[in-house]
Every structure is written in structure tokens, then in C-alpha cells.
Amino acid sequence: MSSDARRKLEYPGGMEIRGGREFQQRTSEALELLQSLSEFEMIHAHLAIIRQGKRSGITAWAERPVFAGGAPTWTHSALWYAGAIAHDAYHAKLYRDAKQRRPGRKPRANAWSGKAAEQICLAFQRDVLLSLKADKTIIEYLEKQLQNPSYQGRSGGWRGWLDYHKRWW
């Protein structure tokens, strides 16, 4: 592991940002955009760590949920990156909500991932980006993804894990 990957920045409220200096700076910029929104409380409540990763995704089942930001995500605009953080925080929220409905049991995969969950998270991402005054192109892109969010691949089992590893973002 490089020394960049071990760097940790404590964000106000206890959220950790782990990664290189540029990653920490970009993540701080995205979080500052989100901080002005009422949705930030939910985002902050469902993400404990944001770390630099090879690809983007959420470890929703961790005691302290971790969002990994892949370079194509965090090097995009701060606005887009903020939307991605919001999106995956919502996956973590869906996971926690499902876990509360099934005490002592693991939530079903489709409760927090899969097509229906992806549509919910995309809608939340779109609403956050609308609140942040995102341009028409970004909103139209998300609305197109909402219609058929199959880009993420399968959501469960070993095939879902393989699809996750195929992500370029």
C-alpha cells in the first residue's frame, strides 16, 4: 500500500477521508457542496469513511460504511463526485433500513442493490444534483440511467462481485 493510500483526514463530524492529498482535496470539495443541503445529514449518517479506490462502490454492510471513489469518479467535477457520494450513501441507507426490518438476519441483496434499489439511489442522486444546480446534461444523463439502470451488472452473489471488478468508474 502506498503512503498516499494510508493518509487519513478527519472531516468535521467524524467522517474519515483516506487517500492521497489530491483525493482528499477533491473529496473535501464535494463534501462542502453537500454540506449546504438538508440531505447531508442522511449522507453523513450513512458514510463513515470515504477512501480512494480502484473503482467506485459502497461497503454498506460494514459497521462503519465505506465509499470507495475510483479515479474516474473523484477526478470528474466536484459536483458529479458529490452526486456519486450521495448515491452510494443512499445504498448504505437502504442496507441499514433493511437490516432494521430483519433483526439478526442479513438483508436481502435486492433490498439495497439491484435494479429497483439502483433506481431509488439514482433518483436521490438526481435530486441532490438538482439542489446543487447541476446542468441539464447531467440531469438528463441520470434520468436516462433511471429508465434502465443495468450498467452496474448483477447485484448479488459471486457474479455480482465479478461485475463490480469490471467497473471502470
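**Note on the structure**

1. Thr-27 has its place in helix α2; helices (H or I, at least four residues) and strands (E, at least two) are DSSP runs, numbered from the N terminus. The model is a predicted one, in which local features need pLDDT of at least 70 and side-chain atom pairs count only at pLDDT 80 or more, while totals for chains, interfaces and linings use all residues. Residues are numbered from 1 along each chain as its sequence is written, and side-chain values use heavy atoms, with hydrogens and water left out.

2. Thr-27 counts as buried because its relative accessibility is 0% (buried means under 20% relative accessible area, exposed over 50%, partly exposed in between, with a 1.4 Å probe and protein chains only). Its side chain is joined to that of Tyr-81 by a polar contact of 2.8 Å. A polar contact is a pair of N or O atoms within 3.5 Å; within protein, one must be able to donate a hydrogen and the other to accept it, and residues adjacent in sequence count only if both atoms are side-chain atoms. Apart from neighbours within four places in sequence, Thr-27 is in contact (heavy atoms within 4.5 Å) with Ile-17, Ile-50 and Tyr-81.

3. Arg-21 also lies in helix α2, but Arg-21 is exposed, with a relative accessible area of 60%. From C-alpha to C-alpha, Arg-21 and Lys-8 are 9.3 Å apart in space, and they are 13 residues apart in sequence.

4. Five strands form an open sheet in the order β1-β2-β3-β5-β4, with mixed pairing; two strands pair if DSSP finds at least two bridges between them. β1 (8-10) and β4 (57-59) stand at the edges with a single partner strand each, so one side of each is left without a neighbour in the sheet.

5. β1 and strand β2 (residues 16-18) run antiparallel and are joined by three bridges. Glu-16 in β2 is the bridge partner of Glu-10.

6. Which residues of the largest nonpolar core touch the most other members? Of its 43 residues, they are Leu-31, Leu-34, Ile-43, Leu-47, Ile-50, Ile-85 and Leu-129. Such a core is a set of buried Ala, Val, Leu, Ile, Met, Phe, Trp, Tyr and Cys residues joined through side-chain atoms within 4.5 Å. The largest share of this core, 12 residues, comes from α5.

7. Ile-43, leaving aside neighbours within four places in sequence, is in contact with Leu-34, Ile-85, Ala-86, Ala-89 and Phe-124.
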